[in-house]
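Subject: Structure handover

Hello,

Here is the structure I said I would pass on. Please look through it first; my notes on what was found follow below.

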Amino acid sequence: MARVTWGLATSHVPSIGAAMDRGKTQDPYWKPLFDGYAPARAWMARHTPDVAIVVYNDHANGIDLSTTPTFAIGTAASYQVADEGWGRRPVPAVTGAPELSDHLVESLVDDSFDVTVYQELDVDHGLTVPLSVYCPEPGDAWPCKVIPIVVNVIQYPQPSAARCLALGRALGRALRSYPEDLEVAVFGTGGMSQQLAGDRAGLINQAFDRMFLDAIEDDPEKLARMTREEYIRDAGSEGIELIMWLVMRGAMGPGIRRVHETYHVPASNTAAGMVLLENLG
Ligand code: DHB
Ligand code: FE
């Protein structure tokens, strides 16, 4: 079986990647954020998975806005880094795990999650920044294979938080039914509170974020009961990215241990958070 060994929830703010790409992580603006990541990075470096399943959203870079799948999964052997308008990030292309992807598609569809399939996909900052948060110096290749799971959080109607938690649980079942022994990490990405445009641009709600950081560990059902309107009201129009953390949480077993948590305001216009959970079964 494929076993989820750990889950990482992290913001995917593009400038976090740019700070790494341009050697600015020790600048006074960025140092506190990257210092906060250090214990988690050290732990993850000692627990390299075979495959990372990265639950993320595309920002109209790899997927044209004329088509908006609610949930999608990549089945490619490799994924190029998207050019978001100023050239590709100088990070390695992503190696896929097509056999496990095909198994996940079949198992999720049989479990009533009719996912869209991407046989080709360029991955944007929503996926590459979390990989850089995990592994700051990948060299020529990322340390593990990667399967992208894409969630629509940018066009109404986004899936409910409850549906995201249920998708994670179905993902956990799908992994447990895989015939080969594999160690898998699951990433839930995006957030935390943020609004990039409109009257409330710059919105950050630290009280909400702190509540969310606690509940993602202890009470994901509470987060799953919130409506999309409540997410947008409390966390901002892009803060609804947080529903993707629930997919990660749902894929983990009932027994978890928090390895590390960090929260920093601001990263760009955004509250940046990270939670690393070890799966105890
Ligand atoms: C920012 C945050 C995001 O999640 C994103 O996708 C783009 C920009 C920001 O805070 O700058
Ligand atoms: Fe985003």
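Helix H9, residues 243–251, is mostly covered, with 9 of its 9 residues buried. Buried here means under 20% relative accessible area, while exposed means over 50% and partly exposed lies in between (1.4 Å probe, protein chains only). Helices (H or I, at least four residues) and strands (E, at least two) are DSSP runs, numbered from the N terminus. Among the buried residues of H9 are Trp245, Met248 and Arg249.

Some conventions before the rest. This is a predicted model, in which local features need pLDDT of at least 70 and side-chain atom pairs count only at pLDDT 80 or more, while totals for chains, interfaces and linings use all residues. Residues are numbered from 1 along each chain as its sequence is written, chains are lettered from A and ligands numbered from 1 in the order in which they are written, and side-chain values use heavy atoms, with hydrogens and water left out.

The metal site

The iron ion (ligand 2) has His12 (NE2), His59 (NE2) and Glu241 (OE) as its protein donors, at 2.0 to 2.2 Å. Donors are N, O and S atoms within 2.8 Å of the metal (3.2 Å for Na, K and Ca); water is not among the atoms, so sites may look incomplete. Along the chain the donors follow the spacing H-x46-H-x181-E. The two histidines link distant parts of the chain, 47 residues apart: His12 is in the loop between strand S1 (2–10) and helix H1 (14–21), and His59 is in the loop between strand S2 (51–56) and strand S3 (71–74). His12 counts as buried because its relative accessibility is 3%, whereas His59, at 22%, counts as partly exposed.

Ligand 1

The residues around ligand 1 include His12, His59, His125, Gln194 and Glu241; a residue is near a molecule if one of its heavy atoms lies within 4 Å of it. Polar contacts are pairs of N or O atoms within 3.5 Å; within protein, one must be able to donate a hydrogen and the other to accept it, and residues adjacent in sequence count only if both atoms are side-chain atoms. A polar side-chain atom of His125 is 2.8 Å from an oxygen atom of ligand 1. For the side chain of Gln194 the distance from an N or O atom to a ligand 1 oxygen is 3.1 Å, and for a polar side-chain atom of Glu241 it is 3.3 Å.

Pockets

Grid points are joined across faces, edges and corners, and a volume is the space filled by probe spheres set on the points. The largest pocket holds about 270 Å³. Its lining has 17 residues, with His59, Gln194, Leu196, Glu238 and Glu241 nearest the centre. The second largest pocket holds about 220 Å³ and has 15 lining residues, of which Ala18, Asp21, Arg22, Trp86 and Arg89 lie nearest its centre.

A last contact

Asn279 belongs to strand S10 (residues 270–279). Asn279 is buried, at 8% relative accessible area, and its side chain reaches the backbone nitrogen of Gly253 at 2.9 Å.

Regards

Terms used: On a 1 Å grid over the protein atoms alone, a cavity is a set of points where a 1.4 Å probe fits but cannot get out, and a pocket is an open set with protein on both sides within 12 Å along at least five of seven lines; lining residues have an atom within 4 Å of a point.
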